[in-house]
Amino acid sequence: MTQTETFDVFTKEMIRLGTASRQEVHAKGLWHQTFQCWIMKRDAAGEIYLLFQLRHKNKDVFPSLLDISCAGHLQAGEEVADGVRELEEELGLTVSIHDLTYCGRVAQEHVVSPELIDREVNHVFLYECSSSLRDFRLQAEELSGLYWIGLRPFRELLNGERDQLSACGIVLDEASGTLADDQRSWRIENFTPNSDEYYELLFAKLGER
């Protein structure tokens, strides 16, 4: 992402204050909006799986960690519905906002360093999709792989009921542009952090499906 991006900035209660550059937003810890979409599927037994992306090693926030299926900042002047462009950009999915289920919004703060304070109002969505991992088109500068992870073991990991989980996925070789199958174990520290409130919002909506 370029440092010349401009975001609308707000109070935590979503009162608009104006606009600021991406660099200023993160340097000063200004509240800004993100679009976030969790892609889910069910197996033959009805078990739910969530798609996680492996963040690129050069990301300024949480490099090389497993993250939400698709997420991105809303640019200045954009509406929440405009965030669906992230699905096309990151994963090659062309969908309408009407294809998604809205979970709600939640404010989160992550102090990465004294010079990088990330304060986001996350607009969280769900999208059910049964595509195989190789059906997605990965945006190489944003993510390095994809993994389907079972909802049940993921919740057990979050709750401290297990130390790790195993997941199958694909990883992108940047030099050749080819995809390779991958299977490895992940611990809680391998995932981007989210608040209890965030997961309560997500899991409540998943429980309705």
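**Notes on a predicted single-chain model**

1. Let me start with helix 3, where Leu151, Phe154 and Leu157 are buried (buried means under 20% relative accessible area, exposed over 50%, and partly exposed in between, with a 1.4 Å probe and protein chains only). Seen down the axis of helix 3, these buried residues fall within an arc of 125 degrees, so they line one face of the helix; the arc is that of the directions from the helix axis to the C-beta atoms. An α-helix has 3.6 residues a turn, so residues three or four places apart point the same way. Helices (H or I, at least four residues) and strands (E, at least two) are DSSP runs, numbered from the N terminus.

2. A word on the ground rules: this is a predicted model, in which local features need pLDDT of at least 70 and side-chain atom pairs count only at pLDDT 80 or more, while totals for chains, interfaces and linings use all residues. Residues are numbered from 1 along each chain as its sequence is written, and side-chain values use heavy atoms, with hydrogens and water left out.

3. What do the buried residues of helix 3 pack against? Their partners are strand 4, strand 9 (143–150), strand 10, strand 11 (178–186) and helix 4, where contact means heavy atoms within 4.5 Å. Just after helix 3, have a look at Gly160, which takes a positive phi of about 75 degrees.

4. Along the principal axes, the C-alpha atoms fill a box of roughly 50 × 40 × 35 Å.

5. Buried residues make up 48% of the 209 residues. Of the contacts with a separation of 6 or more, 59% are between residues 24 or more positions apart. The accessible surface comes to about 10,100 Å², of which 46% belongs to carbon and sulfur atoms; such areas come from the Shrake-Rupley method with a 1.4 Å probe, and for residues only the protein chains shown count as cover.

6. How many disulfides does the structure hold? The count is zero, a disulfide being a pair of cysteine sulfur atoms within 2.5 Å. Cys70 is in no disulfide, and the nearest cysteine sulfur, that of Cys37, is 6.4 Å away. Cys70 counts as buried because its relative accessibility is 0%. For Cys129, the closest cysteine sulfur is also in Cys37, but at 9.6 Å this is too far for a bond. Cys129 is buried too, at 9% relative accessibility.

7. Arg22 is a residue I would point out in helix 1 (residues 22–28). Is Arg22 buried or exposed? At 4% relative accessibility, Arg22 counts as buried. Its side chain is joined to that of His73 by a polar contact of 3.4 Å (a pair of N or O atoms within 3.5 Å; within protein, one must be able to donate a hydrogen and the other to accept it, and residues adjacent in sequence count only if both atoms are side-chain atoms).

8. Now for Thr6, in strand 1 (residues 6–10), which counts as partly exposed at 33% relative accessibility. Leaving aside neighbours within four places in sequence, Thr6 is in contact with Thr19, Ala20, Ser21, Gln75 and Ala76. Thr6 and Glu24 are 18 residues apart in sequence, with 9.2 Å between their C-alpha atoms.

9. Finally, some backbone angles to check. Met14, in the loop between strand 1 and strand 2 (16–21), has a positive phi of about 70 degrees although it is not a glycine. Ser64, in the loop between strand 4 and strand 5 (66–67), is likewise not a glycine and has a positive phi of about 60 degrees. At 40% relative accessibility, Ser64 counts as partly exposed.
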